[in-house]
Amino acid sequence: MNGRQLRARFRGVAVVAAGLLALSACGGGDAGAKGDKSGGDKAAAAARTVKHDAGTTEKVPAEPKRIVSVSVTMTGHLLALDAPVVASQATPPSVITDKQGFFTQWSDAAAKNSVKVAYQGFEPDVEKVLALKPDLIVGASSGAENAEKFYDKLSAVAPTLLYRHDDVSWQGLTARLGKDLGLEKRAGEVVAAHDKRVGEVKAAITVPEQSAALVRDNQSAMTVFTPESAQGRLLTSLGFTVLEPPAGKGQTQGGRSDFAEFSQEKVADTAKDSSLLFVSHTPEEITAATERPVWKDLAAVKDKRVYDLGLDTFRLDYYSAGNLIDKIEKAFG
């Protein structure tokens, strides 16, 4: 699609969106003609203004009925809150997703709630979002599905809220979503259930004396998750001491603060005696990584202190955090 076609396409979206807004403003015609504005007044009174990570959005419904998620990462948080998600962005299918491209940790919940695939890919398909008739759009302002550059186009369709998910715990993000969507009670229940499970498992496991290096192998380099990452915070809550990343600045993705990428040699030298906890790998990938010359002589490998945290632990939400806790309980219980 050339630039002229693309501009024409979005002009079409804007015209349709403007038409929908005009119909909404007219109150459907008959009611407005009769001067019955009670329904509109109630809706206006119930709407709220929400400050999020891409700006401030007015007229956010107090009780949304049709949420479209333009972030596959955010969808898990929304489903845990029992939010009325009707459709979600999907990624290309892989070992961490179902056949539709929904993350495996919450794909069953999505099926139970009849969540449709809005579109597949990381850039929002505004026309498909429009066709789903959302009364609220929720997305991300960090990660691969960062939708900030599409914020104005999405906002023309429905009130849009975008959130960073890299610099907060999943519990903090859940609490924030609960507040902004009018689901505070459910958010409190979700976090309380998680905290109870953490307490139970912490009392039942024996953590290693050595620090825990949270890593992800990228063949030529290694990603290290910080103690302030969602994964690091969860391990800390279970009693682990999470290794700080190597000194110096590693490569980051989109300014993320929860992990950075370093050379294999630098990570191995920093890890030294630390236990190795691998994030989002198959067992075969972990074996291949630890058999490399730079890793095979580390104390953790020789002493069999290498642990698989599961394929779904790269992005933590209520569901994947629960799966990670199960893995920890099995490995250290």
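# Exercises on salt bridges, a sheet and a helix

D82, R186 and E189 are joined to one another in a network of salt bridges, a salt bridge being a side-chain nitrogen of Lys or Arg within 4 Å of a carboxyl oxygen of Asp or Glu. The exercises below concern a predicted model, in which local features need pLDDT of at least 70 and side-chain atom pairs count only at pLDDT 80 or more, while totals for chains, interfaces and linings use all residues. Residues are numbered from 1 along each chain as its sequence is written, and side-chain values use heavy atoms, with hydrogens and water left out.

**Exercise 1. Determine which residues form salt bridges with R197, and which helices these pairs tie together.**

Step one is the total: by the rule given above, the count comes to 14 salt bridges. Step two takes the partners of R197: with D326 the closest N and O atoms are 2.7 Å apart. D326 lies in helix α15 and R197 in helix α9, so this pair ties together parts that are 129 residues apart in sequence; helices here are DSSP runs of H or I with at least four residues, strands are runs of E with at least two, and both are numbered from the N terminus. R197 also forms a salt bridge with E329, again with the closest N and O atoms 2.7 Å apart, and because R197 is in α9 and E329 in α15, the parts tied together are 132 residues apart in sequence. Step three is accessibility, where buried means under 20% relative accessible area, exposed over 50%, and partly exposed in between (1.4 Å probe, protein chains only). R197 is partly exposed at 24%, as D326 is at 37% and E329 at 29%.

**Exercise 2. Is E145 buried or exposed, and which side chain does it contact?**

E145 is found in the loop between β6 (136-140) and α7 (151-157). E145 is buried yet has no salt bridge, the nearest side chain of opposite charge being R315 at 4.5 Å; Lys and Arg count as positive and Asp and Glu as negative, while His and the chain ends are not counted. The side chains of E145 and S71 are, however, joined by a polar contact of 2.9 Å. A polar contact is a pair of N or O atoms within 3.5 Å; within protein, one must be able to donate a hydrogen and the other to accept it, and residues adjacent in sequence count only if both atoms are side-chain atoms.

**Exercise 3. Work out the strand order of the open sheet of 5 strands and the pairing of β8.**

The order is β10-β9-β8-β11-β12, with mixed pairing, where two strands pair if DSSP finds at least two bridges between them. The edge strands, β10 (259-263) and β12 (306-308), each pair on one side only. Turning to β8 (residues 212-217), 4 bridges join it to β11 (residues 275-278) in parallel, with A213 partnered by L276. Towards β9 (residues 221-225) there are 3 bridges, and the strands run antiparallel, with R216 partnered by T223. The hairpin of β8 and β9 has 3 residues between the strands, and there Q219 takes a positive phi near 70°. As for burial, β8 is mostly covered, since 5 of its 6 residues are buried.

**Exercise 4. Check the span of helix α15 and describe its start.**

The expected span of a helix is 1.5 Å times one less than its number of residues. The 15 residues of α15 (residues 318-332) should therefore span 21 Å, which agrees with its end C-alpha atoms being 21 Å apart. At the start of α15, a side-chain oxygen of D317 reaches to within 2.9 Å of the backbone nitrogen of Y319. The buried residues of this helix include Y319, L324, I328 and F332.
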